[in-house]
Amino acid sequence: MNLALAAFGPPQLTMEGGPAPAELTWRKHLALLVYLARSPGGARRRDHLVGLLWPEKDEAKARHSLNEACRAIRKTLGDDALETRGDTVALDLARLDADWADVEAALAARDTARLARLWRGDFLEGFGIPDATLFEDWLAAERARWRGAFRDALTAEADRLMRVGRHSEALALAARVLAADPSAEAALKVAMLAEALAGAAPGALARFDAYAAALRAAHDAAPAADLAAVAERIRAGGRHRAEPQKDRPAPIATPPLCGRERVLAALAARLAPTEPPRATVVLVGGGPGSGKSRLLREVAERRRLEGARLLQVTCVAADTTAPGSALGALVRRGLAEATGLAAAPPDALAVLAALDPEIARRYPGAAPRPADGAAALGRAVGEAIRAVAEEEGPVIVALDDAHLADPLSLDALAALLRAAELAPVTLLLAARTDGAVPPELTTLRGRIGHDVPGCEVAAAPLSDEEVAELTLALLPAYGDDERARLVRRLRKEAGGVPFFVVEILRALGGEGAGAMLWPAAGATTAHPLPFPVPGAVIAALTLRISALGPLPRAALVAAAVAGPRVEPAAVARLLETSEADVETRLHELERAGFLRDDGGPYLFAAELVRVFVMAEMLTSGERRRMQERLTAGLGDQPRLTRITRDT
């Protein structure tokens, strides 16, 4: 017969699935069993055991007590469970199944999920022998060793989760470490970063302030300098974040970045400091709703919290007609206030002063002088950024929606990188790489990895596995079958576009009312959405469709009526034009991310787009007449006057 010991948390000794004999759970008997099991080879000398567990007794009585403890073990496990070899007592280790073996295996395999399940508390929590000082010292050392192993492993996993955008999971794991060891500053740092990156900076600061107050009260000490620096950067965060955009709906909550581990790892590798330092560019490309802006904000903010200076701007459509506006915004929203700017060359300061009058006021010798072309503009801004990086440390220049930047700024980026070539500077761009890409951005993309150091990372649509992972995170009440049905339906409705997937999951989750179960069994592909198209999706689609010209917009409406499988002949009949012209329009819609080529007829990239067009861009009468026209194949075609105006 074997014993089983759960050693983490209050000790639980069982035998054959039931309680172990009471005699074996007596404190010193249990202490002897555990100590032998933790000893090399399961063996110890008698005199050592006597001094460890019965120091208060004379030698004869102590040896008698040891014999009684050995008798209790043999009585339970059999005579061969405990062997006496000369003056040595040896335990057959196969007779005790202790959970520390599982913990050691999980540590070796870095199986943190298993570790988290096994960690019920400290080693032999609440157990002790007050009159056995040497045993108490050993027990304290064991507890500290195991606690450190758990702490380090779970903190490392929390840090990994934080770095791949799974902030709620990272926070939960770090909080568990802190509950066991409030002085674990590494876990506290991860918890603070996770909260800050998830948009809960006040919670992160409250956590730090509580720890600092407790440390001051107990030890008259202060937190480590690096932890205090993280707290200060979190406090300063509002000065460095991009301005809110009025034309984009604010998110209800920050969803986890499921399925982005590879992209985030690539970005982290490119944004990490290098020796020797070198200026590089990283372009995050993708279609509308692919999550490229979220990725840019995530990695840029994390580098800022780690100590880099962040210069961040989001471009808008109006920027395209204002020469130099994107780089001018970088100067005004961060570069001008950098103390290291004082070391920039006077010629560079003069160009910057033409972009921002504050530069001329701050540096009286910098008379404003507009740059003579893109190369001069890029060189001046690059020299200024290099000066800041050399004085203050790494600089991240983040340009979101870079495809909307003005041509002069885009054309100047290569010169900017050349001017900052030997400084720790990273140019981080998020841009649409489908549809009509500005020629200046196309030129830069062609040079990345050749004469311009850096790389391009694609924000691709989510796979079914990644959608399932996101569903589990946002709708944990769904069972495996319900989640599988939902993933199959989301493949059709959202086409793997992260923005659409998240908005549908949010709508299904509701606000405080519990998750709505959809689709029903047996209606995976037919059951309609159980709620109106989410407002955030309507806003995003309205903006996207408004950017189309009248003819592509008319083709989109005709395709929605002709779909879900879009045959060019049917669209041509609705538009009263040639199939060749329709093919051109459908190709434009594919480049803009509305359709995808299925090797024959076109399909909508996301069913939500078709639902929106049918519901929001046509009256019921227009829909009926157009559908009748398709069915009949003859008669007059209603003119599409309504759908060619601005949406």
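Me: Is Arg309 buried or exposed?
Reply: Buried means under 20% relative accessible area, exposed means over 50%, and partly exposed lies in between, using a 1.4 Å probe and protein chains only. Arg309 has a relative accessible area of 17%, so the residue counts as buried. Arg309 lies in strand β9, residues 309-314, where helices (H or I, at least four residues) and strands (E, at least two) are DSSP runs numbered from the N terminus. This is a predicted model, in which local features need pLDDT of at least 70 and side-chain atom pairs count only at pLDDT 80 or more, while totals for chains, interfaces and linings use all residues. Residues are numbered from 1 along each chain as its sequence is written, and side-chain values use heavy atoms, with hydrogens and water left out.

Me: Which side chain is joined to that of Arg309 by a polar contact?
Reply: A polar contact is a pair of N or O atoms within 3.5 Å; within protein, one must be able to donate a hydrogen and the other to accept it, and residues adjacent in sequence count only if both atoms are side-chain atoms. Here the side chain of Arg309 is joined to that of Glu392 by such a contact, at 2.7 Å.

Me: How should I read Arg46, and what is the nearest side chain of opposite charge?
Reply: Lys and Arg count as positive and Asp and Glu as negative, whereas His and the chain ends are not counted. A salt bridge is a side-chain nitrogen of Lys or Arg within 4 Å of a carboxyl oxygen of Asp or Glu. Arg46, found in helix α2 (residues 46-53), is buried but has no salt bridge, and the nearest side chain of opposite charge is that of Asp87, 4.3 Å away. Contact means heavy atoms within 4.5 Å, and when residues up to four places away in sequence are not counted, Arg46 touches Arg63, Leu66, Asn67, Thr84, Asp87 and Val89.

Me: Where does Phe127 lie, and which residues are in contact with Phe127?
Reply: Phe127 is in the loop between α5 (112-118) and α6 (133-163), and it counts as buried because its relative accessibility is 10%. Leaving aside neighbours within four places in sequence, its contacts are Pro11, Arg27, Leu30, Ala31, Phe135, Leu139 and Arg143.

Me: How many residues does α6 have, and what span is expected?
Reply: The expected span of a helix is 1.5 Å times one less than its number of residues. Helix α6 has 31 residues and reaches 44 Å from its first C-alpha to its last, which is close to the expected 45 Å. After α6 comes Gly165, whose phi is positive, near 80°.

Me: Which residues other than glycine have a positive phi?
Reply: Two cases can be read side by side. Arg110 has phi near 55° and lies in the loop between α4 (99-109) and α5, where its 75% relative accessibility means that Arg110 counts as exposed. Asp401 has phi near 50° and is placed in the loop between β10 and α17 (407-419), but at 4% relative accessibility Asp401 counts as buried.

Me: What is the strand order in the open sheet of four strands?
Reply: Strands of a sheet pair through backbone hydrogen bonds, either parallel or antiparallel. Two strands pair if DSSP finds at least two bridges between them. The order in this sheet is β3-β2-β1-β7, and the pairing is mixed. Because β3 (18-19) and β7 (96-98) stand at the edges, each with a single partner strand, one side of each is left without a neighbour in the sheet. Strand β2 (residues 12-15) pairs with β3 in the antiparallel sense over two bridges, and Met15 stands opposite Gly18 in β3.

Me: How many bridges join β8 to β11, and how many join β10 to β11?
Reply: Seven bridges join strand β8 (residues 280-286) to β11, and the two run parallel. Five bridges join strand β10 (residues 395-400) to β11, again running parallel. Leu429 of β11 is the bridge partner of Leu283 and also stands opposite Leu399. Strand β11 (residues 425-432) is mostly covered, with seven of its eight residues buried.
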